[in-house]
Amino acid sequence: SISGNRKSVWGREGKGMMKRELLEKDKKNVLLLSLSLLSERNIPKPEVVEKQHQLEVDYHNKLESFKCDDSVVGIHYYTMRDNENKTASIFGFQTNEPGTKAVINYCDGKLDTIVMLATKETLGKEADHSNLQYGRCLEKIEADDSDPESHFWKLNLNKEENSVSKVITFDFYINQIRHYLGESCYNGSFPEVYVLEMEDEPSDREVNNYCIWTANLLVKMNRENPLKLYLETNGGFRDTMTILIGTLRAVAAKGIEPECAIYSAYKVGVTSTFKTPFMIYDKKNVYHFFDLVSGLDDFLTSGSSVRLIQFFKSRQTELPQTLVKVQRLSRAFSLCQPDDMIQAMKDVAVALQEESRTEDCGEQDDLYRYVINEIRADFGQELLQAGKKEKVDMLLPMMEWALKKDYIQQTVTLIAEKMPEVIVNKEILYYNNKDNARESSRIRNDISKLK
């Protein structure tokens, strides 16, 4: 457990990063990352590492009064801003290190689990394990094949020995994070570490399995104890982003969404200092673009607006009126109410025609404009133009639209209840006897009233 005797790097109040009130302490904080390879020539010398550790201790103890002369060559400096524009400094060498420390700050030191994707090379599997400090502490989890844990290794620190003659990526990363949690900043225990060992050049089937296994492990953890998922996006090999995105999409269906997606912007050939550090960003909203695409696809293929509305509701306090009308349209078709379907379709067609096409729009407006343009294209010109005419003129293009969405029952209902009106108004069926004009007019009126 975290002792809590250190001050938060985000201010004297001791509150977590971004000042979020969502930090429910009964939930497990789980970090998902792909371990990036750190070549031997890039592993810093012990004295530089020790200086970095001392800087972290001084910074976390002094905060605003901390001063750094940037005299140590080889230390990378990072900073991240919260929603109140406060900054926190982070020191790190290995690619995943600053992002992991940012997540630890986010959790106010309470990081319970790390789920790590790693290749054999980063784990030192090609090396003599007797020379490793933490690499030899990995134990294959013995479990039934139906248990997602059966595909993972777990770090057992009880096997640790101090005699080390070779430093590998995994060892270096674990040592840095362990020091940060246990000595430099939070005086807390080290989290559980689950490791999925991956091939350097996985096949398509292996990539799919990595997504499935990782997603199943997270779902199992969430079922046993609700979790909060954090993502570190910097490390890994060429298929990493495919696996991370695939995993996120899979767990999203179970209600698990990332709290943040940390990206540390290291620049090759650029020297960072305490005053001119590299930046760390939360890229969560970029990952949520896939939620937008999924929601839009739902509406374009099946007419459901649920996920599309959820996406925009999560980003703004009030829905644009056109989307409110799209939601009503979707609900009217779900309830199969002919008059409501026709009126809602007319309202959306008119709203799409009247939508402003201003070029001066921010990020959210860009996404909104994209959605509106796609819905407008889905409606087509005939249906859009019919929105300005009588309701009866909408029926035929509207039924064509409904059939594309596989709204079979709704289309049959429209035919049964509204087609007589079309037949009469379009004079598909009419009386041509001028002597019976009055009777013809009466019959036309009666047919138009049929439901």
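Okay, let's start with helix H5: its buried residues pack against strands S1 (28-34), S4 (113-119), S7 (192-198) and S8 (227-232), plus helix H6 (240-252). Keep in mind that this is a predicted model.

So which residues of H5 are buried? The list is Val207, Tyr210, Cys211, Thr214, Ala215, Leu217, Leu218, Val219, Lys220 and Met221. As a reminder, an α-helix has 3.6 residues a turn, so residues three or four places apart point the same way. As for length, H5 covers residues 204-224, and those 21 residues reach 31 Å from the first C-alpha to the last, close to the 30 Å expected at 1.5 Å a residue.

Next, a helix pair. Two packed helices are described by the angle between their axes and the distance between the axes. For H11 (residues 338-354) and H14 (residues 408-425), the angle is about 105 degrees and the axes are 10 Å apart. That makes H11 roughly perpendicular to H14. On the H11 side, the contact involves Pro338, Asp339, Met341 and Ile342, and they meet Gln410, Thr413, Leu414, Glu417 and Lys418 in H14. By type, that contact has four nonpolar, two polar and three charged residues.

Zooming out to the whole protein chain, we have 15 helices and 10 strands. Of the 451 residues, 48% are buried. The accessible surface comes to about 22800 Å², with 47% of that belonging to carbon and sulfur atoms. And for contacts with a separation of 6 or more, 72% are between residues 24 or more positions apart.

Notes: Residues numbered from 1 in each chain as written. Predicted model: local features only at pLDDT ≥ 70, side-chain atom pairs only at ≥ 80, totals over all residues. Heavy atoms only, no water. Helix = DSSP H or I, 4+ residues; strand = E, 2+ residues; numbered from the N terminus. Buried < 20%, exposed > 50% of the residue type's maximum accessible area, 1.4 Å probe, protein only. Contact = heavy atoms within 4.5 Å. Areas by Shrake-Rupley, 256 points an atom, 1.4 Å probe, with all protein chains shown as cover. Axes fitted to C-alpha atoms, helices over the stretch in contact; angles between N-to-C directions. Parallel < 35°, antiparallel > 145°, perpendicular 65-115°, else oblique. Nonpolar A, V, L, I, M, F, W, Y, C, P; charged D, E, K, R; others polar. Expected span 1.5 Å × (residues − 1).
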